[in-house]
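Subject: Structure handover

Hello,

Please find the structure below, with my notes after it. Could you read them alongside the coordinates?

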Amino acid sequence: MIKEIGVSIYLFFFKVIFNFFKLLPLRNKTVFLSTFGNNAYFLAKELATSTISPVVFINQSRCKLDFSSIPLKSKKIYSFETANVLDLVRSIYHLATSKYIFIDNYFGTLSAIHFRSGVTCVQLWHAAGAIKKFGWEDPETSLRSQKAKIRFQQVYNKFNYIPVGSKQMADIFSDAFHLNHDRFLYTGVPLTDFYFDELAKSRGLANVLKAYPVIEGKKVILYAPTFRKNSLHQMDFQLDISEMLQKLDNDYTLLIRLHPSIQEAVELPAHPRVLQVSNYPHLNELLVAADILITDYSSIPVEFSLLKKKMIFYTFDSEEYNRTQGLWDESPLYFPGPIVKTTAQLIDHILDPSIDFEKINQFSEHWNTYSTGNATKRLINTLYTEKE
């Protein structure tokens, strides 16, 4: 109850400030409101090659990408955090006066505002696919207050468009957000363009080797578990790193990338073959550097499948996770690789050189149907041409 009152007060003041700025003229600006920033990064780089400007980046603290390096003619970068009052007010000003709004997560503040006619709000999302449930399909959503549920749908209704890479993802968004299929743009997902660009992949690998020179010439294993609820202060880290170091020879190096919300809750052993890479800004570059991906219920395999490399799914807590978070399905179209429950089983599959490429290809075609290398240009041409 107290939390709900606090949310209501915050949203009230956000709405007041937003409505004040709505009195000002609407400008031909593009705003990126980001928690992750991966899709925004690719769109902004493409906008830098056009005459479209100005561009404003509004980033939550979890967003680690450096937008200042993008050579846009006119850009501003702000922090979207309550503690930074000045930047927050500036951010609200740009949200109220811009024609194009791109977001990549759930932002509850959208429930309190109404964009003007002529404004396009695009939900870029932060993943190319979905294994775990979210939105209305999250099992815990039914437990929320009626006021919170109303707020959720008010946010979802703000999305004019959602670009997708597959019909499967459109169906998932439709169920999760209770939106009709006319909201979806089958342009592909911008972040996937990277995997079709050989020069970009080569540069990305070089960047990773520069940051972590110890991995050069090694067999690189990337472990990237997804977020688990109630794990902000303590995570059940079941991977036995000591056993892996003992059973895998010195040719193997383990990179560990934890979700931004939980990386402080896990203490990793100090070892030259174990590297914490959670703060490395570009996941796609880490995927290029990895020989094997170990994950669980993350959407990362949708991207990794474009590289045609081995994936192993370490789902030691699948029953509990399905109960609290929910999984869309557990078929090969969601888990295109071996599913293991123990570190010992995991090691066996790491040492097994076989790869089921047919399963990976089917998975990739299922999720990346429209992500074929030029998703960013298609999305920009669709959105900006429409208004001209």
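This is a predicted model: local features need pLDDT of at least 70, side-chain atom pairs count only at pLDDT 80 or more; totals for chains, interfaces and linings use all residues.

Strand β4

Strand β4 spans residues 98-103, and five of its six residues are buried, so the rest of the structure largely encloses it. On one side of the pairing list is strand β1 (residues 27-34), which is parallel to β4 and joined to it by five bridges. Strand β5 (residues 120-123) also runs parallel to β4, with four bridges between them.

Aromatic residues

There are 36 aromatic pairs in the structure. One of them is Phe 21 with Tyr 93, an edge-to-face pair with 5.4 Å between centres and 75° between planes. Phe 21 lies in helix α1 (residues 2-21) and Tyr 93 in helix α3 (residues 85-97), so this pair links parts of the chain that are 72 residues apart. Phe 21 has a relative accessible area of 13%, under the 20% cut-off, and is therefore buried. Tyr 93, at 23%, falls between 20% and 50% and so counts as partly exposed.

Phe 194 and Tyr 195 also pair: their planes are at 85° and their centres 5.2 Å apart, so the pair is edge-to-face. Both residues are buried.

Ring pairs also build a cluster, whose members include Tyr 106, Trp 125, Phe 134, Trp 136 and Trp 328. Over the ring of Trp 328 sits the charged end of Lys 133, 5.7 Å from the ring centre.

Regards

How values were computed: Residues are numbered from 1 along each chain as its sequence is written. Side-chain values use heavy atoms; hydrogens and water are left out. Buried means under 20% relative accessible area, exposed over 50%, partly exposed in between (1.4 Å probe, protein chains only). Helices (H or I, at least four residues) and strands (E, at least two) are DSSP runs, numbered from the N terminus. Two strands pair if DSSP finds at least two bridges between them. Rings of Phe, Tyr and Trp (its six-membered ring) pair if their centres lie within 6.5 Å; planes under 30 degrees apart count as stacked, over 60 as edge-to-face and the rest as tilted. A charge sits over a ring if NZ of Lys or CZ of Arg is within 6 Å of the ring centre and within 35 degrees of the ring normal.
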